[in-house]
Amino acid sequence: MSIPFADLVTIIPELLVVGIACLILVLDPITPTHKKDFLAWMSLGVLGVCALVTMSGFGGSAMAFSGLVLVDAYAAFWKLLLYLVSGLTILLSMSYLKEEKIDLAEYYAFVLLALAGMMVMVSGADLLTIYLGIELMSITLYIMAGFKRFEARSIEASAKYFVLGAFSSGILLYGISLLFGVTGSTRLTEIAAAVNGSALDDPLMLLALMLIIVGFGFKVAAVPFHMWTPDVYEGAPTSVTAFMAVASKAASFAAFLRVLLEAFGGVKPHWNVLILGVCLVTVALGNLVAIVQTNVKRMLAYSSIAHAGYALVGVVVAGWVGTAADISSRGVSSLMLYLAIYSFMTLGAFAMVAMLRKGGLEGEEIEDFTGLAKRHKGGAFLMMVFMVSLAGIPPTAGFIGKFYLFMAAVNAGLAWLAIFGLIFAAISAFYYLRIVMVMYMREPSPEQEKHTRLVLSPQVSVVLAFALVGVVFLGIFPGPLVSIADLSVIPISSLK
Amino acid sequence: MTEVVATGGTPWLTLVLILPLLGVLATLLAHESMSRQIALGTSLVTFVASLPLWFVFDNGTAGMQFVEKHLWIDSPAIHYALGVDGISMPLVLLTTFLTPLCILVSWTAIETRMKEFLISLLVMETATIGVFVALDFVLFYIFWETMLIPMYLLIGVWGGPNRIYAAIKFFLYTLAGSILLLVAILVLYFEGGRTFDILALTHASYAPSLQALLFWAFFAAFAVKVPMFPFHTWLPDAHVQAPTAGSVILASVLLKLGTYGFLRFSLPMLPDASVAYTPIIMILSVIAIIYGAYMALAQSDIKKLIAYSSVSHMGFVTLGIFALNAQGIEGAVLQMINHGITTGALFMCVGIIYERTHSREISENGGLANAMPKYATFLVIFALSSVGLPGMNSFVGEFLVLIGVFAWDKLTATVAALGIILAAVYILYLVQRIVYGPASPKMLPRLTDLNSREFGMLVPLVVLVFWIGLYPKPLLDVMHASVKRVVATQSASVIVQQNGMAKDPALVMSNVLPSAASLPLDIEAAP
């Protein structure tokens, strides 16, 4: 069996990323230690090339491998976001890994492999393709979570992530197999046809749908499938945490939304209420539990859960029955916009945590930020901008994200959902502002003054600059990104 | 009636918005020792740049003037739309006028992180002006929320001992109030013809049931900012803990945003609901007047006393607004300006004395008349202005408000008038104790009289107090057309109420205020 050349052309970015990942693994042992940075730059280079390739094909839509892979504008949007996020993660890691003394080159290979998995996820048109992507991403992330292999916490995070991740993958796969039994296919389009034609209340089908939602619920860290998140986010190296919180969440949402809308778009009543329930408890629990955290990484973990809840508002709108097609697609595009904005502010916040050093450790306690404004004005200001944006207060991008999400909700007749979300956004301001408070309004103890410092290498500065520009620029000029998101929604004609 | 009066040429409003931000940049780059001069310079330039608004303003029209409109975000269409009318223009000037004074009052009072302080103040200035001039609802909301951050920092970084609590309370209270406002804006967008244009939304009509919901959504945001009873509890904390400049901005400008919101949005957009819920607002306002005054009476901290007096005074403003007639609303707008001047001045006076004695306790600050005669003179002037002595600014405003309310309901006006008497009690009691009481021997050596900077910043305020008190016509002329339009949007039910009262307020004024007898105070009753 030969693979048609045209199919390979559609997946050039995936091939490049995997190829370079393998090349790094080969080059690693033969590269002298002081030149290992070269491998990181190489992985950045391939991301740049991939971005160019994806951009050049933006707007087109190509099906490959007899309907297993679909490269459309929707996939391209997510891929571009993932390249950017992975690139910033690599830049952040270059400094962070050195500080932590775990700068091994295979780390960059893992980043690329996880990225390849995510790329497969976002352009999968078949449940099995998506599943393969999820597994490639997850297995790589299990390893990365345990990358501080001499630290018990990191190993524990890895093990915990592995057990729960494998469990959720099993659930997802079980759902896929049931669905295959009912519909006779794993192609999203064929499932859609079967679902639309069959009796809507087939218990097997409902079970399959539920299992799939649960499986994805784990991956996007929605309540009640979020239990792994705080521990894994806290234990994993911070650069990995940032990568997980941003990239893996974005990719999982992308695949989740595609499966729901393309395969189950015809049976919205069967899942939209379930998603709505998950959305409500996720927003509420994420924000409430974040209040009592004293560890910044844990707090950001709960905050990322809460943000997953907000993103689910977009899914709810997209799946709301009785809304016109343009309103549903507004739900999709607002979710895309939200996650893109979320990526900038969360990456920025994690970069600050990673680079605030306390002796040889990272300053991950909220207390470690005490009085930062006195010692490092710029750093404190950046952290304040990220926190304000996470809280959704204008003129930052966080506000724009929430604005579009809740506007879509109001448009779909869900004004009460907007009120609910905004109430919890106001509550979230309490814990985000606590960091601003300790930075600006508390005096550091002499000990803190002596031991904590902010390491701003050129690479980290680039990451922070990107995050800041993203948060501020998108807050003031969101127009271009909004248009791109609008152009990239799942073709609405396939929605019922 | 034309909706928009094009004023081609210089984009004055953008200039006024941008200048403080340029000042932020300059302050940021400047050396620490020069930062005050630079910030003061920019704020003065901003004030000068805002003067054309006053001099070029066309009193004859109720339309928006100095309008600028550019598409900002295309989907949904959000515009960078600015403009002022007779209600917002004086408030813009109040802001640009007070900001230099706030910098002057902080000249030596702020001892740490001067640069950041000045930057926060200037950002605050842009955000507050932005709220007054925005003609796009989203733009309005962005400015409305943006100001929370600098204010949070002003209170939390440079405030008193309990500043962190006060800062977070202020922040969460006002943020929570704004939640429903944002949802209301979104609902209006879909109900009012898919636009965020404030003027277009004003012209759309909404079903009474929707109006009721929107009214309370607006109310939540605006009542917290005013603050109306029972949402006022953040105010005493914020005022007491904030540095002097913070208190001045808070009292003089921030509180006006709430009442401005009522005037710009609640009344014109939701006329039926405004009429329907007037009694509730009136009752809350009267409670605020009396309760605020009583609370002020019981305070031993000067700043807290003035903070509660703010609650009482702002009660007059909401009272006047919801009288829904020309006198009441003009009185309310005037009273917004007056409160900004008088209470701002009083907070400055407190700041001056606090800088010397490091105490705000009434009992520890006595006998200032002997030790600081110039200071005492100013304090007494502002205190009397706050009481509403004829010939001074507050008298005119409160009087107009009471006329307006009297037309609405005699009993309400009578009870509200009690607030003025109570104001006299608590203010005069305060003056008696700190100006004329015995000086504490411990404090006496520290009581040096005003220096030229302090003298210089209080003089313009005194001038305004008497100018508005004796010759309010120019200011009222500016408002007439715009206020008339707000009143005209009110539905027939109000006009029925007003039929009982066709008395020309100019006539009424001339009976009470002899010096005004010759003034053609042509405030007209609503048609």
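User: At what angle do the axes of α4 and α14 of chain A cross?
Analyst: This is a predicted model, where local features need pLDDT of at least 70, side-chain atom pairs count only at pLDDT 80 or more, and totals for chains, interfaces and linings use all residues. Residues are numbered from 1 along each chain as its sequence is written, with chains lettered from A and ligands numbered from 1 in the order written. The axes of α4 (residues 73-100) and α14 (residues 325-355) of chain A cross at roughly 0° and come within 11 Å. α4(A) and α14(A) are therefore roughly parallel (an angle under 35 degrees).

User: Which residues make that contact?
Analyst: From α4(A), A:F77, A:L81, A:V85, A:L88, A:L92, A:S95 and A:Y96; from α14(A), A:M336, A:A340, A:S343, A:L347, A:A351, A:A354 and A:M355. Contact here means C-beta atoms, placed from the backbone, within 7 Å.

User: Switching to chains A and B: how many residues are in contact?
Analyst: 25 residues of chain A are in contact with 25 of chain B. On the chain A side, α17 (397-411), α18 (415-441) and α21 (479-487) each supply at least two residues. α18(A) gives the most, with 12 residues.

User: Is α3 of chain B buried or exposed?
Analyst: 18 of the 18 residues of α3(B) are buried (20 or more other C-beta atoms within 10 Å of a residue's own), so α3(B) is largely enclosed by the rest of the structure.

Key
Contact = placed C-beta atoms within 7 Å. Helix = DSSP H or I, 4+ residues; strand = E, 2+ residues; numbered from the N terminus. Buried ≥ 20, exposed ≤ 12 C-beta atoms within 10 Å, placed from the backbone. Axes fitted to C-alpha atoms, helices over the stretch in contact; angles between N-to-C directions. Parallel < 35°, antiparallel > 145°, perpendicular 65-115°, else oblique.
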